[in-house]
Amino acid sequence: MLAVDLSGDAVKAKNGAMVAYDGEVSFKKMTGGGEGLRGMVTRRLTGEQMTVMEVKGRGTCYFADRASEINLVRLQGEKLFVEASNLLCTEAALHTGTTFTGLRGASQGNGLFTTTVEGHGQAALTSDGPAVVLRVTKQYPLQVDPGAYIAHTGQLKQHFQSGVNFRTFIGEGSGEAFQIRFEGEGLVYVQPSERNTVGGEV
């Protein structure tokens, strides 16, 4: 559970994530993931679903999502790429949007787009179990199961690759038919559990 102290300021949170609050706090649904009509149109076209509410006032508000672990990420002007389903809450000063991410999105059946968070402030991400942060360098690229991926930051390129080969079809493969390959410099957040993905069912 995430406790947020409000002193007249506001945060943006996943719609329905509030579990309790004290003080004088108001809740307002935001159109298009907090980006107005343009954001609503973009998200409808891309299929990246994110319903957001503005929480404002004075008091303490508690957020949670199905007893998931909560991980705080502090941004210092960089851009965070995150699955919409894993974004719980952000400071109001952070800008959210949608961006094209290539074939990675297809592995989850969520289209080819993902949510971005950018600016200065903190974002709260959820994970099924404690998230692990893995560093990617030019010398050490990283392969990640699409169902375990949560988010990433830094100068990273993504490639959607298939691990399907003859051994897979005769039942001797690893069972990991698809992976996301990250190359460059940055951090990747993964969870110790896998969502159901299209790739995982192939």
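These legends go with several close-up views of a predicted model.

Local features need pLDDT of at least 70 here, side-chain atom pairs count only at pLDDT 80 or more, and totals for chains, interfaces and linings use all residues. Residues are numbered from 1 along each chain as its sequence is written, and side-chain values use heavy atoms, with hydrogens and water left out.

View 1. Helices (H or I, at least four residues) and strands (E, at least two) are DSSP runs, numbered from the N terminus. The protein chain has 202 residues, and 44% of them count as buried; buried means under 20% relative accessible area, exposed over 50%, and partly exposed in between (1.4 Å probe, protein chains only). Its accessible surface comes to about 10600 Å², with 50% belonging to carbon and sulfur atoms. Such areas come from the Shrake-Rupley method with a 1.4 Å probe, and for residues only the protein chains shown count as cover. Among contacts (heavy atoms within 4.5 Å) between residues at least 6 apart in sequence, 81% join residues at least 24 apart.

**View 2. Tyr21 and Phe27 form an edge-to-face pair.** A search of the whole structure finds two aromatic pairs, and this is one of them. The ring centres of Tyr21 and Phe27 are 5.3 Å apart and the planes stand at 65°, so the pair is edge-to-face. Rings of Phe, Tyr and Trp (its six-membered ring) pair if their centres lie within 6.5 Å; planes under 30 degrees apart count as stacked, over 60 as edge-to-face and the rest as tilted. Tyr21 is partly exposed, at 39% relative accessibility. Phe27 is partly exposed as well, at 32%.

**View 3. Tyr149 and Phe182 form a stacked pair.** Here the centres of the two rings lie 5.8 Å apart and the planes are at 20°, so the pair is stacked. The pair links distant parts of the chain, with Tyr149 in strand β10 (residues 149-162) and Phe182 in strand β11 (residues 178-190), 33 residues apart. Tyr149 is buried, at a relative accessible area of 0%. Phe182 is buried too, also with 0%.

**View 4. Thr153 sits in strand β10.** Is Thr153 buried or exposed? Thr153 has a relative accessible area of 8%, so Thr153 counts as buried. Leaving aside residues up to four places away in sequence, Thr153 touches Leu75, Lys79, Leu80, Glu185, Gly186 and Leu187.
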